[in-house]
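Visitor: I am new to reading protein structures, and I would like to learn how to look at one feature at a time. Could you guide me through this example?

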Amino acid sequence: MLRFCLLLLTLVGLAACQKEPLTQCDAAQPLHGYYPFPVGAAISMIELGRGTAYDELARRQFNSVTPENCFKPSYLHPGPGQYYWAEADALADFSQASNQRLHGHVLIWHQQLPGWMWAFAGSPADWEALFKDHIQTVVRHFRGRVAGWDVVNEAFEADGTLRSTIWKQHLGATYLEKAFRYAHEADPEALLFYNDYDLDSNPVKRRAVLSWLRTMRQRGVPVHGLGLQMHISILNPENTQIAEALGEVQQTGLKIHLSEIDVAVNPLGKAVTPNRELLQRQADKLAFLVRTYQELPRDQQYGITFWGISDQNTWIRRYFQRDDYPLLFDDNYQPKPAYCILAR
Ligand code: XIL
């Protein structure tokens, strides 16, 4: 490499070897230390414990942990009556050893279900038993270790109607309310969240969720918080939309979790290089989001969580099959401007 650079130097001069530095700070201090609320990351059990820089960043930079996948039913509940705790317990141990809050994600969702649940052919009563057993077995298992749960994830469509998930099909619309009641029975101390995406950019969906939450509260259903996923990009939403959304959700008095933050720089899926301009726009968008969150009343700030640590591990590259750089640390685990702007 050195020889290559020297050669380049002689050929085209100094500029060729001096890549623009993408980093403006080091990550000597933990990020969470700058905030009065927990700052978390989704942790992947594929990455953790491989001996890369990921481990140290996961342990030091954050004081809250969300399992990226290993608490989902496809992992945790692979067969009827069969639970697989090993990975989930390992993550719970990791978070405890690192003095981190553990946030449970996710009890009831329409994705990442095991094959046997998709194929389940029981009566409505059998479905209800399955549903209740899953929620209560999982919540009881982690009782005292998980501080809060995403009880139901993504139950609403973009037009504000209820999504036709297998849960709605087999239990009816009241599955939502039942999920919260069952979870609360299994751990009365845990904070229970409804979690969804695009609540920042889609007011129709947001207002449907907020109106449903109001009804839940009137009916005494134990819902304590709202998770805004915040899979956003440098293009969308506008800052004014973020401010409007957080202003509206604050009115609920519920705890608010920015639960799955990433800021895509390539939402349109073009050929892209993460140059200084793009990374600065990403940092500015994130800074606005976090500043606006900081203005919420302290008792409503459950915390903020990034959906991964390094760009190398982001779900966006795999899931959407596109090049992107949405997280705080670059492919070499170095802090990006998005990190630096928050770490002060
Ligand atoms: C994603 C994970 O990051 C991926 O590894 C997995 O393949 C699919 O799920 N909304 C959610 C998260 O609530 O659980 C999703 O996580 C991302 C979108």
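Visitor: Let me begin with charged side chains: how many salt bridges are there by the rule used here?

Guide: Before we count, please keep in mind that this is a predicted model. The general idea is that side chains of opposite charge can pair when their charged atoms come close. In this structure the count comes to 15 salt bridges.

Visitor: Which residue forms a salt bridge with R50, and how far apart are the closest N and O atoms?

Guide: R50 pairs with E47, and their closest N and O atoms are 2.7 Å apart.

Visitor: Which parts does the pair of E248 and R206 tie together?

Guide: The side chains of E248 and R206 meet in a salt bridge at 3.0 Å, N to O. Because E248 lies in helix α10 (residues 239-250) and R206 in helix α9 (residues 203-218), this pair ties together parts that are 42 residues apart in sequence. R206 has a relative accessible area of 1%, so it is buried.

Guide: R317 belongs to helix α12 (residues 315-319) while D331 sits in the loop between α12 and α13, so the parts tied together are 14 residues apart in sequence. R317 is partly exposed, with a relative accessible area of 21%, and D331 counts as partly exposed too, at 26% relative accessibility. Salt bridges can also share partners, and in that way R206, R207, E244 and E248 are joined into one network.

Visitor: What is the nearest side chain of opposite charge to D55, and how far away is it?

Guide: It is R50, at 7.8 Å, and D55 is buried yet has no salt bridge; the reasoning needs the cut-off here, because a salt bridge requires the nitrogen and the carboxyl oxygen to be within 4 Å. D55 is found in helix α2 (residues 53-60), and its side chain reaches the backbone nitrogen of G49 at 2.8 Å. Apart from residues up to four places away in sequence, D55 touches E47, L48, G49, R50 and F94.

Visitor: Now I would like to turn to disulfides: which residues does a disulfide join here?

Guide: In general, a disulfide is a covalent bond between the sulfur atoms of two cysteines. Here the count comes to one disulfide, and it joins C25 to C340, with 2.1 Å from S to S. The torsion about the S-S bond of C25 and C340 is about -85°, so the disulfide is left-handed. C25 lies in the loop between α1 (2-12) and β1 (39-43), whereas C340 lies in helix α13 (residues 337-342), so the pair ties together parts that are 315 residues apart in sequence.

Visitor: Are C25 and C340 buried or partly exposed?

Guide: C25 counts as partly exposed, at 24% relative accessibility, whereas C340, at 6%, counts as buried.

Visitor: How many aromatic pairs does a search of the whole structure find?

Guide: The idea is to look for rings whose centres come within a set distance and then to ask how their planes are turned. The search finds 22 aromatic pairs. One of them, formed by Y319 and F320, is edge-to-face, with 5.1 Å centre to centre and 75° between the planes. F320 counts as partly exposed, at 42% relative accessibility. Ring pairs also link W116, F120, W127, F131, W167, Y175 and Y182 into a cluster.

Visitor: Finally, I would like to read the backbone: where is there a cis peptide bond?

Guide: A cis peptide bond joins H105 and V106, with omega about 15°, and V106 is found in strand β3 (residues 101-108). The bond from N236 to P237 is cis as well, with omega near 0°, and P237 lies in the loop between β7 (231-233) and α10.

Visitor: Which residue has a positive phi although it is not a glycine?

Guide: Q112 is one of them, with a phi of about 50°, and it is found in the loop between β3 and α5 (115-119). D198 also has a positive phi, about 65°, without being a glycine, and its place is the loop between β5 (191-196) and α9.

Definitions and conventions. Residues are numbered from 1 along each chain as its sequence is written. This is a predicted model: local features need pLDDT of at least 70, side-chain atom pairs count only at pLDDT 80 or more; totals for chains, interfaces and linings use all residues. Side-chain values use heavy atoms; hydrogens and water are left out. Helices (H or I, at least four residues) and strands (E, at least two) are DSSP runs, numbered from the N terminus. Buried means under 20% relative accessible area, exposed over 50%, partly exposed in between (1.4 Å probe, protein chains only). Lys and Arg count as positive and Asp and Glu as negative; His and the chain ends are not counted. A polar contact is a pair of N or O atoms within 3.5 Å; within protein, one must be able to donate a hydrogen and the other to accept it, and residues adjacent in sequence count only if both atoms are side-chain atoms. Contact means heavy atoms within 4.5 Å. A disulfide is a pair of cysteine sulfur atoms within 2.5 Å. Rings of Phe, Tyr and Trp (its six-membered ring) pair if their centres lie within 6.5 Å; planes under 30 degrees apart count as stacked, over 60 as edge-to-face and the rest as tilted.
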